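Please read it alongside the sequence and coordinates shown below.

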Amino acid sequence: MSAHFEGFRRADGSVGVRNHVLVMSVTGLTSPTARRIGRAVPGARVVATPFGSGLFGEDAALQRRALAGFGRHPNVAAALVIGGTPPYVREIADAIAVSGKPVEALVLDDCEHDAITVTERGTRIAARMLREASRARRTRVDLGDLCIGIECGRSDPSSGLVANPLAGSIVDALVAAGGRAVFGETIEWLGAEHLLEQRAVDPSVARAIRNAVQRRERASVVAGMDLLGNNPGPTNIAAGLSTIEEKSLGAIAKGGHAPIRGVVAVAEPLPGPGLYLMDAPAYAPESVGGLVASGAQLVLFTTGVGNSFVSGIAPTIKICANPVAAGRLREQLDFDASAVFERKASLREATAQLQELLLDVASGTLTWGEVLDEGDDVVSRLGPAL
Amino acid sequence: MTAKAPLQGRAGTERSEPNAPDHASWQATALSPNDNVAIALEPVAAGQDVVVSMSDRTLTITSLEPLGLGHKIALVDLRPGDALIKYGECIGEATTSITRGAWVHVHNLTSRRARQDGATTSAFDAHAYMRAAATALELSIPAASQATVAANLTRLHALAQEVLSFEIPQHSSGSDRDSQEVERQ
């Protein structure tokens, strides 16, 4: 098995599997302008938050951490940061500039609060960045330079039986090669947390896992929510999943068997190689956003009945083992594992083929989500704003 | 790598391992020998004899009901309160008697977690607390506000419980999330 791919080596030593120019609005006031610049420079990727100065506490910290994470991301060659006032925009631009990549900041205050002026200047900056970025060339790099995020969405019983164990086998191979992997969706550890705790590298990690699950479980009890109908949701239930425990036990298979080195917060960079958990919401856009902001260059996304959401920054490989969905969603699913579910192929054989596809996508082959431009990158909100 | 990876990845279309399973020989599977439910790998009709592949044995169960692909069939008779085992782990408990061969789903199986009546909350009567507090403080709480006040008291009570039960880490460790949060400030 070839364990190399062709990637973009960045100034800070990280490796991009894509070469995006990011046009990022860090305040809600400037987001329509960022999207207009994105339309004017179609090769650029846009990230646009609807939020701004009312955020405080952990929400404010999360916005900064996640937006800086998107900008610093190895798949981003250069970033244009757009916002309302200088200190905040400067702070995020500086946090991105640490990576050594070109960063420019554009502030409403410096453009007489005229969106058309911001559009004009931003379009020129993004155009220049895109041309300059196109000079980068791919070189041969090791599988171990990858960090992958693992996600499951619209799961069904085929997810826990085939698609998640398949993703888990890739995680095991990646971790053995010195790479990094991370998965979140804390509520989907509920009922399986004892198995995750057993894999923790030390007692403090086991305690962090237990505390994270307890916080979510209590939150749902305090809110008076019945998890049935929410998680598992109506689609999960129709497909045959009955309880959160059943869903969780299938969901954690996507993390393979590697030791769990720590629990990180949403969008927090992984401190080193190996497998990490992210204490994060389960809804796919929020979950994937956190994984990508933490530095995942690729996402393995398993689904049972289909789920079209992908990251815009990190190519997202859709894996499905449900034969009915696989037959229906030909332009959504990148890897059809239904032969394993139908007992026509082994998990080991499918793992080798998925790893081949992973390296191929890392080297530039487009996912369906990229072809159809489904990508979006968002940041969770945790509490009220001022 | 001798050939380019397939653009549309698909497992097992061309090659097959020497011990590749014969797909026609079983219709349901259970991953652990301790499981008391199996997953249907294809739609099953009522009255159909279903061959179940388990890690250590194969057994045949007559299905009492039609089953959709991915749905669960009981491998043994179960009583209310019995644990349902899948992946060798508890996925919840039976809410009714379940007969071997029956369909197992939300109509006869419920979660043991995140329950309103579960061990994660203690009995707290917010209305009784509100009445007692209002009397002690000589407050008059309008009838229209009482539901909101009670709901807020319930939240506060749960929060207080969480604070009281919080285990303060004994010493700082690089891999502990809570201590990292503090270090970042």
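**Structural briefing**

In chain A, the axes of helix α1 (residues 31-40) and helix α4 (residues 115-133) come within 9 Å and cross at roughly 40°. Because of that angle, α1(A) is oblique to α4(A). The structure is a predicted model.

**Packing of α1(A) and α4(A)**

- The crossing of the pair α1(A) and α4(A) is right-handed.
- On the α1(A) side, the contact is made by T33(A), R36(A), I37(A) and A40(A).
- The α4(A) side contributes A115(A), V118(A), T119(A), G122(A), T123(A) and A126(A).
- By residue class, this contact of α1(A) with α4(A) divides into 5 nonpolar, 4 polar and 1 charged.

**Domains of chain A**

- The domain assignment divides chain A into domain 1 (20-133) and domain 2 (144-371).
- The centres of domain 1 and domain 2 of chain A, taken over C-alpha atoms, are separated by 29 Å.
- Contact between the domains of chain A involves 11 residues of domain 1 and 13 residues of domain 2.
- Helix α2 (residues 57-72) of chain A gives the most to the side of domain 1 that touches domain 2, with 5 residues.
- That side of domain 1 of chain A comprises 5 nonpolar, 4 polar and 2 charged residues.

**Strand pairing within chain A**

- Three strands of chain A form an open sheet in the order β2-β1-β7, with antiparallel pairing.
- β2 (15-16) and β7 (139-142) of chain A stand at the edges with a single partner strand each, so one side of each is left without a neighbour in the sheet.
- Strand β1 (residues 4-9) of chain A is joined to β2(A) by 2 bridges, and the two strands run antiparallel.
- In this pairing, F8(A) stands opposite G16(A) of β2(A).

**Contact between chain A and chain B**

- The contact between the chains involves 57 residues of chain A and 47 residues of chain B.
- Several elements of chain A each supply at least two residues to the side that touches chain B, among them α5 (157-176), α9 (244-251), β10 (260-265) and α13 (347-362).
- α7(A) gives the most to this side of chain A, with 9 residues.
- The residues on the side of chain A that touches chain B divide into 27 nonpolar, 13 polar and 17 charged.
- Strand pairing also spans the two chains: β14(A) and strand β1 (residues 9-10) of chain B pair in the parallel sense over 2 bridges.
- D336(A) stands opposite R10(B), which lies in β1(B).

Technical notes: Residues numbered from 1 in each chain as written. Chains lettered and ligands numbered in written order. Predicted model: local features only at pLDDT ≥ 70, side-chain atom pairs only at ≥ 80, totals over all residues. Axes fitted to C-alpha atoms, helices over the stretch in contact; angles between N-to-C directions. Helix = DSSP H or I, 4+ residues; strand = E, 2+ residues; numbered from the N terminus. Parallel < 35°, antiparallel > 145°, perpendicular 65-115°, else oblique. Left-handed = near helix turned anticlockwise from the far one by under 90°. Contact = placed C-beta atoms within 7 Å. Nonpolar A, V, L, I, M, F, W, Y, C, P; charged D, E, K, R; others polar. Domains from an automatic or database assignment. Pairing = 2+ DSSP bridges.
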